[in-house]
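Good morning, and thank you for making time for this item. Please look at the sequence and the structure first; I shall then go through selected features.

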Amino acid sequence: TRRVRRTKVIDDSTIAFYMRNGEVYLNMLPRRCPQLASNDRFAYEARGGRLCSIDQIAVLLRIGTRLEQGFRCRLGEFHVSDEETVALMIETVEQGGRTSPVTAETVELPEEDAADSED
């Protein structure tokens, strides 16, 4: 948890964790966490300085000038991601879409064989 620089709530089921070393992890909660996105803040208590899929978060609700804990939700698995993917997910949600756990990866296509180009 000391390596976490910041977090970004994407929707009621997805949180991005930005690490100090530049890595980004997506956490896909196993169930929708009510009021997570609308409040855009949460608290967690990490045992042993680590967060994992058995840990819970608590949505923080602003009540007047104070913050109170709201719904408690279990974290899901952490998946390596990148800032571009997270930005695309945020843009999709802001445009009224839903995010999905689909990931994309850049690959190089193989060069055409000389025999194939003669046909």
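C33 and C73 are both buried, where buried means under 20% relative accessible area, exposed over 50%, and partly exposed in between, with a 1.4 Å probe and protein chains only. This is a predicted model, in which local features need pLDDT of at least 70, side-chain atom pairs count only at pLDDT 80 or more, and totals for chains, interfaces and linings use all residues. Residues are numbered from 1 along each chain as its sequence is written, and side-chain values use heavy atoms, with hydrogens and water left out.

The sulfur atoms of C33 and C73 lie 1.9 Å apart and form a disulfide, defined as a pair of cysteine sulfur atoms within 2.5 Å. Helices (H or I, at least four residues) and strands (E, at least two) are DSSP runs, numbered from the N terminus. The torsion about the S-S bond of C33 and C73 is about 85 degrees, so the disulfide is right-handed. C52, by contrast, is partly exposed, at a relative accessible area of 35%.

On confidence, pLDDT is the predictor's confidence in each residue, from 0 to 100. The protein chain has a mean of 86, with 81% of its residues at 70 or more. Strand β2 (residues 14-19) has the highest confidence, at 96, and helix α3 (residues 114-118) the lowest, at a mean of 51.
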